[in-house]
Amino acid sequence: MHVEIIITGSNSKMLSSDLSTLIGGRYKEIYIQSLSYREFMLFHQLPDSDDTLAKYIQFGGLPALARIGLDEQDVRDYQLDVYHTVLLKDVVMRNQIRNVVFLGNLVRFLADNTGKLISANSISKYMKAQGERVTSMAIINYARYLCDAYVIHKVSRYDIHGKRLFETNDKYYFEDCGIRNALVGGICEGDIEKIIENIVYNHLVRLGYEVTVGQLQSAEIDFVCTKPAGKRLYVQVAYIVADESTRLREFGNLRAIPDNYPKYVISLTPLLIKTDDNGITHLHLRKFLVDGLN
């Protein structure tokens, strides 16, 4: 019996197409994510520090950056080269896409709106306002092609009370935050929270969780995380918890969940490592990326 090993992920889609021409028959897909923060430190020989975390947030985890270095322009040029290669080979050519201009506009729209609830209809209305008419079905198909190529990930909403998945309004996160940042020209003011949320999502997947967005009546829980054995936990992501209104929003939404599964807030709050706030664990992002949810 022949086995075809297909390695998937933004770091390895080009390698997968080479392997598929060499090995025939059945296949097993191996999903490889961008570098974790710990791997980023190892590849670049950097210490665990706020400065290293800032570099990881800005540049992401493409492995070849260890060879290229962390010069901002060199990194951006390489990230865009990888992005355009994957877009051409694994999206445009594979799916015979004709409206390539719209595809590029869609990716940039998702980069600008990372972590926001989005529907195909809302994208269609936005594109119409920009003078471009695209059907909701075309948007759904194009987004699926991008997910199949591991450029982005679609995360569905989960009704915590009704215990069911919603069929509309999803969130999209990038496989590699560095590529996302390159597409929008760098980290802009107001971007940091959505990038942190993207990084937390990727790491939760790395830890083996199936991740959805929680809906609790009018409130939103950033992530509902489950494992096959039935283990569940809830995660809120914030930039800095510095005032009472932010604390009330992040911690209050978690306290409103009517069960006793573990609850976490992950942030970049200065001087924070790990604290317990009436049963809710508050973790610094660095602590989470190094030690997980321990």
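How many bridges join β11 to strand β12?

1. The model under discussion is predicted. As to the opening question, β11 and strand β12 (residues 280–284) run antiparallel and are joined by four bridges. Within this pairing, threonine 275 stands opposite histidine 282 in β12.

2. These two strands belong to an open sheet of eight strands, whose order is β5-β4-β7-β8-β9-β10-β12-β11 and whose pairing is mixed.

3. With strand β4 (residues 157–159), β7 pairs in the parallel sense over three bridges, and the bridge partner of tyrosine 158 in β7 is glycine 214. With strand β8 (residues 219–226), β7 pairs in the antiparallel sense over six bridges; here the bridge partner of leucine 216 is alanine 219 in β8.

4. β7 and β8 form a hairpin with two residues between them. In the turn, glutamine 217 has a positive phi of about 55°.

5. Threonine 226 is found in strand β8. Is threonine 226 buried, partly exposed or exposed? Its relative accessibility is 22%, so threonine 226 counts as partly exposed, the limit for buried being under 20%. The C-alpha atoms of threonine 226 and tyrosine 209 are separated by 5.3 Å, although the two residues are 17 apart along the chain. Leaving aside residues up to four places away in sequence, threonine 226 touches Gly208, Tyr209, Glu210, Lys231 and Arg232.

6. Which residues have the most contacts inside the largest nonpolar core? They are Val91, Leu103, Leu106, Leu110, Ile123, Leu146 and Phe174, in a core of 36 residues. At least two residues of this core come from each of α5 (72–95), α6 (100–112), α7 (120–129), α8 (136–148), β6 (171–174) and α9 (177–183). A second, separate core has 33 residues, including Tyr37, Tyr209, Val235 and Leu293.

7. Not counting residues up to four places away in sequence, leucine 110 touches Ile118, Ile123, Leu146, Ile152, Tyr172 and Phe174.

8. Ten aromatic pairs are found in a search of the whole structure. In one of them, the ring centres of phenylalanine 109 and tyrosine 126 are 4.9 Å apart and the planes meet at 40°, so the pair is tilted. This pair links distant parts of the chain, with phenylalanine 109 in helix α6 and tyrosine 126 in helix α7, 17 residues apart. Phenylalanine 109 counts as buried at 12% relative accessibility, whereas tyrosine 126 is partly exposed at 37%.

9. A further aromatic cluster is formed by Tyr37, Phe40 and Tyr56. Tyr56 is also among the buried residues of helix α3 (residues 50–59), together with Thr52, Leu53, Ile57 and Phe59. Just after α3, glycine 60 takes a positive phi of about 75°.

10. Two charged side chains sit over aromatic rings. Lysine 227 lies over the face of tyrosine 209, at 4.6 Å from the ring centre. The charged end of arginine 247 sits over the ring of phenylalanine 251, at 4.9 Å from its centre.

11. A disulfide is a covalent bond between the sulfur atoms of two cysteines. In this model the count of disulfides is zero. Cysteine 177 counts as buried at 4% relative accessibility, and cysteine 225 counts as buried at 0%.

12. Backbone angles deserve a final check. Most residues other than glycine have a negative phi. Tyrosine 150, in the loop between α8 and β3 (152–155), has a positive phi near 60°. Leucine 271, in the loop between β10 (263–267) and β11, also has a positive phi, near 70°. Are these two residues buried or exposed? Tyrosine 150 counts as buried at 13% relative accessibility, whereas leucine 271 is exposed, with a relative accessible area of 88%.

Technical notes
Residues are numbered from 1 along each chain as its sequence is written. This is a predicted model: local features need pLDDT of at least 70, side-chain atom pairs count only at pLDDT 80 or more; totals for chains, interfaces and linings use all residues. Side-chain values use heavy atoms; hydrogens and water are left out. Buried means under 20% relative accessible area, exposed over 50%, partly exposed in between (1.4 Å probe, protein chains only). A nonpolar core is a set of buried Ala, Val, Leu, Ile, Met, Phe, Trp, Tyr and Cys residues joined through side-chain atoms within 4.5 Å. Contact means heavy atoms within 4.5 Å. Rings of Phe, Tyr and Trp (its six-membered ring) pair if their centres lie within 6.5 Å; planes under 30 degrees apart count as stacked, over 60 as edge-to-face and the rest as tilted. A charge sits over a ring if NZ of Lys or CZ of Arg is within 6 Å of the ring centre and within 35 degrees of the ring normal. A disulfide is a pair of cysteine sulfur atoms within 2.5 Å. Two strands pair if DSSP finds at least two bridges between them.
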